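My entries follow the order in which I looked things up.

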There are 2 protein chains.
Amino acid sequence: MGEPPAERADAARNRVKVLAAAARLFREKGVDNVSMDAVAAEAGVGKGTLFRRFGDKSGLAVALLDERERELQGAILSGPPPLGPGAPAGERLTAFVDAYLDYVLGHLDLVRMSETSSPGARYRIGAYRFWRLHVAILLAEARPGCDADPLAHALLAPLAADHLTALAGEYGEARARAAVRALLSC
Amino acid sequence: MGEPPAERADAARNRVKVLAAAARLFREKGVDNVSMDAVAAEAGVGKGTLFRRFGDKSGLAVALLDERERELQGAILSGPPPLGPGAPAGERLTAFVDAYLDYVLGHLDLVRMSETSSPGARYRIGAYRFWRLHVAILLAEARPGCDADPLAHALLAPLAADHLTALAGEYGEARARAAVRALLSC
DNA sequence: GGATTAAGTGGACTATAGTCCGTTTGTGTG
DNA sequence: CACACAAACGGACTATAGTCCACTTAATCC
């Protein structure tokens, strides 16, 4: 029941500087061509500061994606159906996959960085737990009798940024989307 | 149609030395705790030699897995049904997933290294093409009308070493297996 | 407003993957 | 066998992620 210890003023200033610098560099040079050193230099902070605040490369990507991610989570929790509550589970599932594909394909490089900066990174991100729980709940309703929890895991696997990159690179976005959706209508 | 230029004697000698050293170190210290420098030193070759021969870390892992991989591929192409030819496509698909899970879960760390050493590595490995083609052919037969090729891609996604590591770590091997198989019986 | 202290800072340092290139060695040829 | 040359070698070098810690600074309390 203690207050959350407030962020110090210099820390807040630096967080903003880093996020702005990272966004700028990623836009200009492409996510894959920007090193953490470069981000620190562009932001005018030390390397130690950068890592203390964001943990690692993946953490920086997550912070940049945060806003869009919250939007999607908000729409799922309290937006209009079929993405939000109110529609049958099967339809919500399809709507979720569509919306999630929009989100990932819209920021493919960043999401990829957040998921592949180190092995297993994807499954350690807080948001992953959210998506998995949501899918598991819908699956449990749509297909009673299935082992919903691990099945949700398995269904999210083709939505990994690394997989979508390969799929979209080979077939284009449209066919990639269709293939992933097809898994649901089995 | 020239002969394949034979491997030089010193090169062959070094290839064997490196593979033996890598196998030994991986067994003793665990795949994740062995650097390429350490492998080169243990094998008594220079770093350049190591990389010239195997390309990168992922390539070294692939070379070490080569034998087991060929075994599985042989069983698929010309072994007894249901893994080999002769059984209905649906049964062959299930048999493939089971056999593939045996293979990956039996060498999880090595396969993981081969798939995650760099983003997208999994999809660049030659063997991936084989698994994908096999699954696509079986899918085309088992479910006419589906877009078999990208669907095969999507079905292989939950079989990625990174995903299986997370799944098995959380639920144990048995439930992880069951969840992946359940995708097929949809 | 000065003292106290926990949080924050920055950059030198380490570890490691992967590159480069001058040197060595195996092999095929006269 | 000697020579020529392509192939292979090895280790110094670069790039980059991430750690560490001596120092600075913002907030708090009297």
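Which element gives the largest share of the surface near DNA strand D? I found that H3(B) supplies this share, with five residues. I note that the model is a predicted one.

Entry on DNA strand D. I listed 26 residues around DNA strand D. The closest are Ala9(A), Gly48(A) and Asp56(A), together with Gly46(B) and Gly48(B). I then looked up the elements that give two or more residues to this surface: from chain A, helix H1 (9–29), helix H2 (36–43) and helix H3 (47–54), and from chain B, helix H1 (9–29) and helix H3 (47–54). Sorted by class, the surface near DNA strand D holds 12 charged, eight polar and six nonpolar residues.

Entry on the domains of chain A. I recorded domain 1 as residues 1–55 and domain 2 as residues 65–184. Taken over C-alpha atoms, the centres of domain 1 and domain 2 of chain A are 27 Å apart.

Entry on the contact between the chains. I found 28 residues from chain A and 28 residues from chain B in the contact. On the side of chain A that touches chain B, two or more residues come from each of helix H6 (108–116), helix H9 (148–156), helix H10 (161–171) and helix H11 (173–184) of chain A. H11(A) gives the most to this side, with seven residues. By class, I recorded 19 nonpolar, five polar and four charged residues on the side of chain A that touches chain B.

Key. Residues numbered from 1 in each chain as written. Chains lettered and ligands numbered in written order. Predicted model: local features only at pLDDT ≥ 70, side-chain atom pairs only at ≥ 80, totals over all residues. Domains from an automatic or database assignment. Contact = placed C-beta atoms within 7 Å. Helix = DSSP H or I, 4+ residues; strand = E, 2+ residues; numbered from the N terminus. Nonpolar A, V, L, I, M, F, W, Y, C, P; charged D, E, K, R; others polar. Near = placed C-beta within 6 Å.
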